[in-house]
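Please find below a short note on the model under review.

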Amino acid sequence: SGKLLIVEIKQERLRNDETDGEHGRKAMAVREWAALNPDRIAYEMLFTDTDAVANNDFARVRTLLGSKS
């Protein structure tokens, strides 16, 4: 009945990883699963090279949640 948003925050060094990277097997499988019901399931992957995620990196997440800020 509700919506599901999956957000993965990963280390920048994993961006090109074959399994855990942006286009890795895991990400592709989750995207395929989300595509089965795109009106209810969203998937976003964020990468950071520090212990923090920049505020602007959450822009798409906020959009998916319907927030304007």
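1. Basis and confidence. This is a predicted model, in which local features need pLDDT of at least 70, side-chain atom pairs count only at pLDDT 80 or more, and totals for chains, interfaces and linings use all residues. Residues are numbered from 1 along each chain as its sequence is written, and side-chain values use heavy atoms, with hydrogens and water left out. The chain has a mean pLDDT (the predictor's confidence in each residue, from 0 to 100) of 88, and 94% of its residues reach 70 or more. Confidence is highest in helix α1 (residues 25-35), with a mean of 95, and lowest in helix α2 (residues 59-65), with a mean of 78. Where pLDDT is low, the predicted coordinates should not be read in detail.

2. Architecture. The chain holds 2 helices and 2 strands, arranged as β-α-β-α from the N terminus on. Helices (H or I, at least four residues) and strands (E, at least two) are DSSP runs, numbered from the N terminus. The C-alpha trace spans about 35 × 30 × 10 Å along its principal axes. Of the contacts (heavy atoms within 4.5 Å) with a separation of 6 or more, 54% join residues 24 or more positions apart.

3. The two sides of α1. Ala-27, Val-30 and Ala-34 of α1 are buried; the term means under 20% relative accessible area, with exposed over 50% and partly exposed in between (1.4 Å probe, protein chains only). Because these residues cover an arc of only 65 degrees around the axis, they lie on the same side of α1; the arc is that of the directions from the helix axis to the C-beta atoms. The buried residues of α1 pack against β1 (4-11) and β2 (41-48). On the other side of α1, Arg-25, Glu-32 and Ala-35 are exposed.

4. Buried residues form 26% of the 69 residues in the chain. The accessible surface (Shrake-Rupley method, 1.4 Å probe) is about 5,200 Å², and 50% of this belongs to carbon and sulfur atoms. There are 11 positive and 12 negative side chains, the centres of the two sets being 7 Å apart. Lys and Arg count as positive and Asp and Glu as negative; His and the chain ends are not counted. Charges are placed at NZ of Lys, CZ of Arg, CG of Asp or CD of Glu.

5. Asp-49. This residue is found in the loop between β2 and α2. Asp-49 is exposed, with a relative accessible area of 67%. Asp-49 and Arg-13 are separated by 36 residues in sequence and by 7.4 Å in space, C-alpha to C-alpha.
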